[in-house]
Amino acid sequence: MKKFIKDLTAYQAEEPAELVKKRYGLKELARLSANESVYGPSPLAVQALQAVNPAVLNYYPDGQATALRQAVAKVEQVPVKSLIFGDGADELIELLTRTILTPGSEMIVPQPTFGEYAIHAQIEAAKTTQVPINAQSGYVDFNALLAAITDQTALIFLANPNNPTGVLEKTADIRAFLDQLPADVILVVDEAYYEFANNPEATCAPLVQQYDNLVVLRTLSKAYGLANLRVGYGIVPDQLFDILQAVRLPYNLSTYQITGGAAAVADQSYLQKVVQQVSQERQDFETYLTKLGLTFYPSATNFIWVKVGDADLVGQKLLENGYQINARLNPEWIRITLGTSAQNHAIQKILGQILAK
């Protein structure tokens, strides 16, 4: 075993719902802890998956994911040869750290952020430097990020909107940061929740053709409602495309992933319906949290990061009532994935009861 991964802490995935229900004697469980979509995928994606001929199972899939590549290129208005596909954005995070980081090199991330970045840096024997966000606003401190750069810095991950805070950085601020970033440091902007911002100007995708050290990641697991299908993609500059294609595992997406993903991306009208519904639920939830006097960061995602004081207590009370949220990320803060209107109102009522005691 590599000695630098002996202390590696595994990513904490969600337990199967049936096990949780059995443990707490629940008839129903609303899993609102992993930022999955409660609205599901486009019906057109479901139809496309059902139409796949089982005869393809004994043959390798299209190694270039052509149909999906063309669908994404058309919707996002990016060159087909700028797209790298992965088994979820997770595989792309792994691909980038494997390609760019070397033993002794350094990666910088805001804190808090998605924990998987640091896990993969540790696997590559690289150091992770965490730069605290602005505690008052939730925004990234770009000056502090720049100050943290050393001669060993090779990679910076920036989730935008950020997970778990939900905060969206301005594209202009990211561009200004890129203008000051050394050319040999790669910035990866992880836009897993970009669609929920409901703002075409919120993406850094158009900047990839202007900056050789910028990569943008996306996923179909969140707004597109295809978490179980595991489809992610990266928009990368020319200098990285060929090498990432060479490092990428061949045939990493199945025909089902390619077909279902292409159909989902093509159905932008369904995506907009989901985004509008989430936006309304988010606004209603934040209004209620304001009435309760709770501290939270304004979210541009399908989840809200809320300061409740005792995260374990609040998480346990919600779970006992059939609502599973994420209470393990911070002792005082919880992350609540937005559910249906009925689920959200139920959680609000429980929060009110807890705080009244």
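**Pockets and a helix pair**

Modeller: The largest pocket is lined by 49 residues, of which Tyr11, Phe114, Gly115, Glu116 and Asn163 lie nearest its centre. This is a predicted model, in which local features need pLDDT of at least 70 and side-chain atom pairs count only at pLDDT 80 or more, while totals for chains, interfaces and linings use all residues. Residues are numbered from 1 along each chain as its sequence is written, and side-chain values use heavy atoms, with hydrogens and water left out.

Biologist: How is a pocket found, and which element gives the most to the lining of the largest pocket?

Modeller: Rolling a probe the size of a water molecule over the atoms shows where empty space is left. A pocket is an open set of points on a 1 Å grid over the protein atoms alone, where a 1.4 Å probe fits, with protein on both sides within 12 Å along at least five of seven lines; lining residues have an atom within 4 Å of a point. Here H5 gives the most, with five residues, and the volume of the largest pocket is about 1,300 Å³.

Biologist: How should I read the packing of H4 with H5?

Modeller: Two packed helices are described by the angle between their axes and the distance between the axes. Helix H4 (residues 88-100) and helix H5 (residues 116-123) pack at about 40°, their axes being 9 Å apart. Asp90, Ile93, Glu94 and Thr97 of H4 meet Glu116, Tyr117 and His120 of H5 in this contact (heavy atoms within 4.5 Å).

Terms used:
Axes are lines fitted to C-alpha atoms, for helices over the stretch in contact, and angles run from 0 to 180 degrees between N-to-C directions. Helices (H or I, at least four residues) and strands (E, at least two) are DSSP runs, numbered from the N terminus. Grid points are joined across faces, edges and corners, and a volume is the space filled by probe spheres set on the points.
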